[in-house]
Amino acid sequence: MSALCMLTVVSCATRRKAEKLRNSRSAPVLALTREQSTPEVGIPGRSSDSLLVISPDGRETIIMKAIRDDDGDMVANDVLDAAMVTARFRNVAERHGKIDLEFQIRVPAALQDSRWQLRFRPKMFYLSDSVSLDPVLVTGKSYRKAQLRGYEQYRRFLSTIVTDTVKFIDLHQLEVFLERNLPEIYAMKSDTSYVSDEAFASVYGVTQRQAVEHYTNWMRVRRNRRRYAASDRKYRKYVKAPIVSEGLRLDTVIADINGDFIYNYVQTVLTRPKLRKIDVILDGDIFEQDKRIYRMPRGAPLTFYISSLSSLVDSRERYVTKVIERKVSQFDSYRIDFEQGRAEILPGLSDNYQEIRKIRHRLAQLLDSEVFFLDSIIVGASSSPEGSLETNARLTRRRSEAVSEYFQSYISRYRDSLIRSDGYFYNLDRSYSQARTSTERIPFISRGRSENWEALDSLVRRDPLMSNADYDSYCALSSLGNPDIREAEMRKMPYYAHLLKDIYPQLRTVRFDFHLSRRNMQKDTVHTEVLDTAYMRGVSALMEHDYQTALEILRPYRDYNAALALTLADYNSAAKHILLGEPRSARVDYLLSVLYSREGDESNAVTRYLAACAADPSLVHRGNLDPEISGLIKKYGLNEDLYKEDEL
């Protein structure tokens, strides 16, 4: 039979088989393994199937993995797990911020053919993201032979491309030319000394390049260049299905098609806040060389529900004691500019208008407050140091009095406007009353701070216009104890004009100290319980699987939730130290069981787990979700009676 006839027969057989697959909608099976094999139980150094457990009341119990025989006696039992299960979901444990997903790709024999390559593309869906996992390739023996044959054909083509340009030169004719016309050069054919092209041309009237090009076979050169340019096209022609080695989970060659092919796929996922479940789907295609002959239908997804110790969080609200004082003081500083040596408030001077608006707004807030009474206001004015200290003391006193009078007048007008806007109301005795009757005068206490040298020192230190020499000179004058003498010496300095113009005006400030008292509060102090919002943020972070944030917030509290955060971060010794100091509870015992299991202390681990289950039966089933506990359950057959009761 000719090669063409054989190719036609094979092509027809492929089409018939592909059509059969399409009609039957054959597809690979994405399934769960019987058990997750990747999480480690974390119990080193123990191999015995029996265990001595001491209960809290001192009773000793021997626990072993066993079943009852026909005579009712307990005998050791070892059961081989089946390879496949039909469930479409599984609870998986999250540990150390990671989740191990294990599933199987089962390829029926009907999908396998020696001439085919099966390409499987698993994909994960979680939160709002989708992630393509590494593909899995199942390659037939004939398919791989065809791939290798294509590489061999391409290799033979590449071998026809000449890389040594000397092979294009007719060396024999070139030597004859040199021997006849340039015997001196010919005599040097065994001499390795270098002769420049310019020197060669100056002696013989022809360059080396010209001589070489004359005896070069340019037809062969052009043919070779065409072959080189055709390299990519020839690669696509011969290597129709390249062998991929990067970014694959598996590429296996099946030699004999004698049954189903099963691949165990394990994927590690980093946990994220709010991650509750992960779906896995599988897409696949069948290729014969570079042609896709069948797209496999997508099956039902596998769902992995994330089980985390964070579900054991104690979400009860935590309160702290807060002391509330009846008397409260607040202060604000404003800059009201005055003319030099004057105390009158001029709203149009400098930025006074904006500052006055700020003060009025603050006073209005305090007067309208439903929480505080405004008891008194202390007004303190300060001045710049030009002039004598005595004169400045009198000036600041006058300025603070002027500010007090100005805003006392404002408060009176503000209250009058409130009374007028609220109007009157009708009493039961048919008389009229004003809606607001609070007209108590708020005392203003005026205090002068005189020259504010501390503020001047701070401003000079931060002033970029003061050179290092200027600043050193200024600091040297600070040793003068008398302010008047110091200011007089500063007048002699070159930087004084800058101080007078730019720095001194900033010293003419007014500070308001507001003395308040809480309404409807008789005692001077009250102790009250308020929600610890910082702690509750840590609890929320635990519940949202944001363990780094939870650990940063909760660690200083050193309580159960702090121990839980430490356990999740694998700080096992610190977590156990805290839990051993906590009151006994089901959750405390369960967490201690996990920690003892990680240390390899099986006796204490089983004791704490059984105590937790006795206090809270829901933890019986919870134990199967945590690898540290599930390993103990399998090894010693824990709680089998309870499972049987559930089945009944």
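Me: How far apart are the closest N and O atoms in the salt bridge that Lys277 forms with Asp279?

Reply: Side chains of opposite charge can pair when their charged atoms come close. In this predicted model, the closest N and O atoms of Lys277 and Asp279 are 3.8 Å apart. The criterion is a distance within 4 Å, so the pair qualifies. Lys277 is partly exposed, at 38% relative accessible area, whereas Asp279 counts as buried, at 17%.

Me: Which parts of the chain does the salt bridge of Arg298 and Asp283 link?

Reply: The side chains of Arg298 and Asp283 meet with an N to O distance of 2.9 Å. Arg298 sits in the loop between β14 (291-296) and β15 (302-307), while Asp283 belongs to strand β13 (residues 277-288); the two residues are 15 apart, and the pair links distant parts of the chain. Arg298 is partly exposed, with a relative accessible area of 48%, and Asp283 is buried, at 17%.

Me: How many salt bridges does a search of the whole structure find?

Reply: The search finds 33 salt bridges. Another of the pairs is Glu487 with Arg491, whose closest N and O atoms are 3.1 Å apart. Glu487 counts as buried, at 3% relative accessibility, and Arg491 as partly exposed, at 47%. Salt bridges can also share partners: in this way Arg121, Asp285, Arg292 and Arg295 are joined into one network.

Me: How many of the 14 residues of α19 are buried?

Reply: In α19, 12 of the 14 residues are buried, so the helix is largely enclosed by the rest of the structure. Among them are Ala586, Val588, Asp589, Tyr590 and Arg598. The elements that cover the buried residues of α19 include β6 (89-95), α17 (560-568), α18 (572-580), α20 (602-615), α21 (618-622) and α22 (627-636). As for its geometry, α19 (residues 586-599) reaches 20 Å from its first C-alpha to its last, close to the 20 Å expected at 1.5 Å a residue. Gly600 follows α19 and has a positive phi, near 90°.

Me: Which residues have the most contacts inside the largest nonpolar core?

Reply: In soluble globular proteins, nonpolar side chains tend to be buried together. Here the largest nonpolar core has 42 residues, and those with the most contacts inside it are Leu309, Leu542, Leu579, Tyr590 and Tyr609. At least two residues of this core come from each of α15 (533-543), α16 (547-554), α17, α18, α19, α20, α21 and α22. The largest share, eight residues, is supplied by α19. Apart from this core lies another, of 36 residues, among them Leu282, Ile286, Ile293 and Ile306.

Me: What does Leu542 touch, leaving aside residues up to four places away in sequence?

Reply: The residues that Leu542 touches include Ser310, Val313, Tyr547, Ala550, Leu554, Asn561, Leu564, Ala565 and Leu568. For the protein as a whole, residues 24 or more positions apart account for 72% of the contacts with a separation of 6 or more.

Me: Finally, how many helices and strands does the protein have?

Reply: The protein has 23 helices and 23 strands. Of its 648 residues, 40% count as buried. The protein exposes about 37900 Å², of which carbon and sulfur atoms supply 51%.

How values were computed
Residues are numbered from 1 along each chain as its sequence is written. This is a predicted model: local features need pLDDT of at least 70, side-chain atom pairs count only at pLDDT 80 or more; totals for chains, interfaces and linings use all residues. Side-chain values use heavy atoms; hydrogens and water are left out. Buried means under 20% relative accessible area, exposed over 50%, partly exposed in between (1.4 Å probe, protein chains only). Helices (H or I, at least four residues) and strands (E, at least two) are DSSP runs, numbered from the N terminus. The expected span of a helix is 1.5 Å times one less than its number of residues. Contact means heavy atoms within 4.5 Å. A nonpolar core is a set of buried Ala, Val, Leu, Ile, Met, Phe, Trp, Tyr and Cys residues joined through side-chain atoms within 4.5 Å. Accessible areas come from the Shrake-Rupley method with a 1.4 Å probe; for residues, only the protein chains shown count as cover.
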